[in-house]
Amino acid sequence: GPCSVESEEQVVAIAKAVKASGATMLRGGAFKPRTSPYAFQGLGETGLEYLKAARAETGLPIVTELMDVTHLPLFKDVDVIQIGARNMQNFDLLKAVGHQDKPVMIKRGMSATYEEWLMSAEYVMAGGGIRTFESYTRNTLDLAAIPVLRKLTHLPIIVDPSHATGKYWLGEPLAMGAVATGADGLQIEVHNDPAHALCDGPQSLKPEAFDPLAKKLLALHATIKGMEGQA
Ligand code: MN
């Protein structure tokens, strides 16, 4: 789904489109952690209501980020709680989500090692990129993390090629790479009008670009499963 929930029409339209392409969950930000205090901060509680409207329309479970322990009661109807990269070591927040029943997806902090990430993830996990010397991409997608984590943990591994690269056209090759190296799931930003997105437009795919990508990813996944079957 979109980086930020911007309106009910927007999130419902994107939800319908990605569901038709094979997406199994809808992720969008209502409470946004922004590097700049002057950037769009999200619709907050209203954004959560729009996500629920999209779920009611499509049946897709909703994933959204929790930034503040005091907001936890507002998240009681959310299906998966995301803990963002900037909060990966916010231990009070991690403990709070550990005391509730919903699945939790923890993004890797930009400077976190695998060990630190796993320490934070007594719960569940997801992966974006990490900060390196390379500045061409927004972050660096660490594909080696996937087989390493596969060895170290039983937890599901979800890869986010959108935030890892910051460029929509790198989403496809790196999503394919993530599937090939054993990711359990992908989180890909999709926006109906990326040029006018309030957040992360340059890394968002249009629904019409997401559709063939979803089909390719499912075909690649089936091929790999078939090869494992022969081995
Ligand atoms: Mn985003």
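Colleagues, the model is a predicted one: local features require pLDDT of at least 70, side-chain atom pairs count only at pLDDT 80 or more, and totals for chains, interfaces and linings use all residues. Residues are numbered from 1 along each chain as its sequence is written, and side-chain values use heavy atoms, with hydrogens and water left out.

I begin with the sheet. Helices (H or I, at least four residues) and strands (E, at least two) are DSSP runs, numbered from the N terminus. Two strands are taken as paired if DSSP finds at least two bridges between them. On that basis, 4 strands form an open sheet in the order 1-2-3-4, with parallel pairing. Strand 1 and strand 4 (104–106) are the edge strands, each pairing on one side only. Helix 2 packs on this sheet and touches strand 1 and strand 2, and its direction makes about 165° with that of strand 2. Contact here means heavy atoms within 4.5 Å; axes are lines fitted to C-alpha atoms, for helices over the stretch in contact, and angles run from 0 to 180 degrees between N-to-C directions.

Let us follow the pairing across the sheet. Strand 1 (residues 26–27) and strand 2 are joined by 2 bridges, and Arg 27 stands opposite Val 63 of strand 2. The chain passes from strand 1 through helix 2 (residues 45–58) to strand 2 in a right-handed β-α-β crossover. Right-handed means that, with the strands pointing away from the viewer, the path from the first strand over the helix to the second runs clockwise. On the next side, 3 bridges link strand 2 to strand 3 (residues 80–83); Val 63 has Val 80 as its bridge partner there, and Thr 64 stands opposite Ile 81. Strand 3 and strand 4 also pair over 3 bridges, with Ile 81 opposite Val 104. Strand 3, helix 3 (residues 91–98) and strand 4 make a right-handed β-α-β unit.

Are the faces of strand 2 covered or open? Both are covered: Ile 62 and Thr 64 on one side, and Val 63 and Glu 65 on the other, are all buried. Buried means under 20% relative accessible area, exposed over 50%, and partly exposed in between (1.4 Å probe, protein chains only). In strand 3, Val 80 and Gln 82 point one way, Ile 81 and Ile 83 the other, and all are buried.

I turn to the metal. Which residues coordinate the manganese ion? They are Cys 3 (SG), His 163 (NE2), Glu 189 (OE) and Asp 200 (OD), at 2.0 to 2.3 Å. Donors are N, O and S atoms within 2.8 Å of the metal (3.2 Å for Na, K and Ca); water is not among the atoms, so sites may look incomplete. Along the chain the donors follow the spacing C-x159-H-x25-E-x10-D. His 163 lies in helix 6 (residues 161–165) and Asp 200 in the loop between strand 6 and helix 8, so this pair ties together parts 37 residues apart in sequence. His 163 is buried, at 10% relative accessible area, and Asp 200 likewise counts as buried, at 16%.

Finally, helix 8 (residues 207–230). Its buried residues include Phe 210, Leu 213 and Leu 217, and what covers the buried residues includes helix 1 (8–20), helix 7 (168–180) and strand 6 (185–186).
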